[in-house]
Amino acid sequence: MAETQRAYVPAKKIPTDYPLIDSDPHFKRVIKYARPSDYAQGAATTAFGPALMLLWEKVAPSYVGRGGFAPIMRLTTAISLGAGFLVFYQQSACVLALPSRFEVFSMVLTRPFTTI
């Protein structure tokens, strides 16, 4: 039986003024090149869920007693940890694939306005 080879599909070209660093970075590389702002966004996302639950409990108490609120806080914390890591990973991966926000903003400002 003859084996068929899979067709080679090249990576998509992104039309930018800057060269692409890596279109599909490895997990370790994404973590290695994370900026402090990526860590801050991930931490803020992680802290948002439990903080919101505590605020809701202060504004409108659920009166579930001692055993009811703790499991909900643990679940909220676990979900927030996952969401915070995903935000951190996405922001860090964007560093490797796209120009920075400042570079995009400066590109927009330096291009002349055209009329149609």
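User: Is D38 buried or exposed?
Analyst: D38 is buried, at a relative accessible area of 0%. Buried means under 20% relative accessible area, exposed means over 50%, and partly exposed is in between, with a 1.4 Å probe and protein chains only.

User: What sort of model is this, and how are residues numbered?
Analyst: This is a predicted model, where local features need pLDDT of at least 70, side-chain atom pairs count only at pLDDT 80 or more, and totals for chains, interfaces and linings use all residues. Residues are numbered from 1 along each chain as its sequence is written, and side-chain values use heavy atoms, with hydrogens and water left out.

User: What does D38 pair with in a salt bridge?
Analyst: R35. The side chains of R35 and D38 meet at 3.2 Å, N to O. A salt bridge here is a side-chain nitrogen of Lys or Arg within 4 Å of a carboxyl oxygen of Asp or Glu. The count by that rule is 1.

User: How accessible is R35?
Analyst: R35 is partly exposed, at 27% relative accessibility.

User: What is the mean pLDDT?
Analyst: The mean is 80, and 76% of residues reach 70 or more. pLDDT is the predictor's confidence in each residue, from 0 to 100.

User: Where is confidence lowest, and where highest?
Analyst: Helix 4 (residues 101–110) is lowest, at a mean of 55. Helix 2 (residues 36–59) is highest, at 94. Where pLDDT is low, the coordinates should not be read in detail.

User: How many helices and strands are there?
Analyst: There are 4 helices and 0 strands. Along the sequence the pattern is α-α-α-α. Helices (H or I, at least four residues) and strands (E, at least two) are DSSP runs, numbered from the N terminus.

User: Back to helix 2. What span should it have?
Analyst: Its 24 residues should span 34 Å at 1.5 Å a residue. The end C-alpha atoms are 33 Å apart, which agrees. The expected span is 1.5 Å times one less than the number of residues.

User: Where does helix 2 bend?
Analyst: At F48, by about 30°. A proline, P50, follows within four residues. The bend is the angle between axes fitted to the seven residues ending at a position and the seven starting there.

User: What is T76 in contact with?
Analyst: G49, P50 and M53, leaving aside neighbours within four places in sequence. Contact means heavy atoms within 4.5 Å. T76 sits in helix 3 (residues 66–97). T76 is buried too, at 15% relative accessible area.

User: What share of contacts join residues at least 24 apart?
Analyst: 79%, among contacts between residues at least 6 apart in sequence.

User: And what share of residues is buried?
Analyst: 19% of the 116 residues.

User: Switching to rings. How many aromatic pairs?
Analyst: The structure holds 5. One of them is F27 with Y89, stacked, 5.7 Å centre to centre and 20° between the planes. Rings of Phe, Tyr and Trp (its six-membered ring) pair if their centres lie within 6.5 Å; planes under 30 degrees apart are stacked, over 60 edge-to-face and the rest tilted.

User: Which helices hold F27 and Y89?
Analyst: F27 lies in helix 1 (residues 27–32) and Y89 in helix 3, so the pair ties together parts 62 residues apart in sequence. F27 is partly exposed at 44%. Y89 is partly exposed at 24%.

User: How does F85 pair with Y89?
Analyst: That pair is tilted, 6.0 Å centre to centre, 35° between the planes. F85 and Y89 are 4 residues apart in helix 3, which means about one helical turn. F85 is partly exposed, at 37%.

User: Which residues form the ring cluster?
Analyst: Ring pairs link F27, Y39, F85, F88 and Y89.

User: Which residue has a positive phi although it is not a glycine?
Analyst: Y63, with a phi of about 55°. Y63 lies in the loop between helix 2 and helix 3. Y63 is exposed, at 73%.
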